[in-house]
Amino acid sequence: MSAPTTPPTLSTTKTVRDFGQPDGLFRSCMNIIRHSHTKGQLLRTFFIISGVFSDKIMYAELLTQFYVTTECLDLILSESESEIASSVLNSELGKYKRFCNDYATDLEHLLGPDHLRIINSYKSEAAIKYIKTLKENNAKVELRDASLLAGIFILWGPMIIGGGAMLYPRVKKAYGELACSTFTLFIGSGREKRKREFIDFFDSVGERMEEEEFNKVVELCGEYMRMNNEMMVQVKRRPWWVKWGVGLGISLTCGAVYVYVKKKKT
Ligand code: HEM
């Protein structure tokens, strides 16, 4: 059975998943990340509620985690001479090569001239571990291709087919158009086409793979998605207004206790 050729409106994660071939690589990768994706969605909601769009440092720290890991993946892709790397670069996905430069442009805008030093200080333990894993897997011949594909699925996928691009209006409203380079390749007309290209790329690569290789890609997708979440969990910054909010809360509580005690005495 083949997947529908032109998806209508792909509105939920499961709907998008179902546009992959039933036993294809795309659908298998979506299946393995199902639980951790739900956790990722909750984490993103947590960030929105806790002020990621009212504190640019918090946003920059979050963006940093995805920048440093995507930069590592993009370098691996650029330097690789493997067949898989060329099929990525020669496919429709080739246009996303080095999109991490757009993350860098936004971080420079948000953090100013000292951005490189600040980015380094924001890099979480989880991001460092993620980068180490990407490099180690790339150094192992038997994991190299699977790791590259899984990295692309997990680090590019959220922008091309997932909820990443949907953050554009909020980021623009909070920090201005100059902080939105990251979204350039993923917004505007043609989203359904971009989704379709991504889905078809993974399914067609998967069709040509041995079962063992196929399973490795799926397994690594699960591992990298957990690492995405871990990076989000490790963001330390809380919005600037939290300490004022806490201060105000303490003052109000003290005031209420004082009034209560005074009333009791009289
Ligand atoms: C850091 C990791 C991720 C987070 C925090 C995340 C978060 C989200 C959120 C919050 C949504 C809901 C969209 C919205 O309401 O704005 C969403 C949708 C979606 N995500 Fe993810 N996601 C992550 C990774 C991924 C990955 C790796 C994939 C697969 C490549 C993926 C695929 C999707 C799809 C297909 C949708 C549905 C998009 C649509 O409705 O058109 N996500 N994600």
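Predicted model: local features only at pLDDT ≥ 70, side-chain atom pairs only at ≥ 80, totals over all residues.
What span should the 23 residues of α12 have at 1.5 Å a residue, and how far apart are its end C-alpha atoms?

View 1. At 1.5 Å a residue, the 23 residues of α12 should span 33 Å. The end C-alpha atoms of α12 are 34 Å apart, which agrees with that expectation.

**View 2. Packing of the buried residues of α12.** Buried positions in α12 include Phe214, Lys216, Val217, Val218, Leu220 and Cys221, and also Tyr224, Met225, Met227, Asn228, Met231 and Met232. The partners against which these buried residues pack are α2 (25–32), α3, α4 (56–79), α8 (125–139), α9 and α11 (191–207).

**View 3. Shell around the ligand.** The ligand is surrounded by 21 residues, the closest being Val16, Gly40, Gly157, Gly162 and Gly163. Two or more shell residues come from each of α1 (13–17), α3 (34–49), α9 (144–160) and α12 (211–233). Helix α3 gives the largest share, five residues. By type, the shell holds ten nonpolar residues, ten polar residues and one charged residue.

**View 4. Residues 148–168, annotated in UniProt as a transmembrane region.** The unreviewed UniProt entry places this feature at residues 148–168 and also at 241–261. Over residues 148–168 the chain is 67% helix and 0% strand, and the end C-alpha atoms of this stretch lie 27 Å apart.

**View 5. Confidence along the chain and at residues 1–10.** Mean pLDDT for the protein chain is 91, with 87% of its residues at 70 or more. Over residues 1–10 pLDDT stays under 50; for this segment the model has 15 contacts beyond four places in sequence.

Note on methods. Residues numbered from 1 in each chain as written. pLDDT = per-residue confidence, 0-100. Contact = placed C-beta atoms within 7 Å. Near = placed C-beta within 6 Å. Helix = DSSP H or I, 4+ residues; strand = E, 2+ residues; numbered from the N terminus. Nonpolar A, V, L, I, M, F, W, Y, C, P; charged D, E, K, R; others polar. UniProt positions renumbered as here; feature names shortened; annotations may be inferred. Expected span 1.5 Å × (residues − 1). Buried ≥ 20, exposed ≤ 12 C-beta atoms within 10 Å, placed from the backbone.
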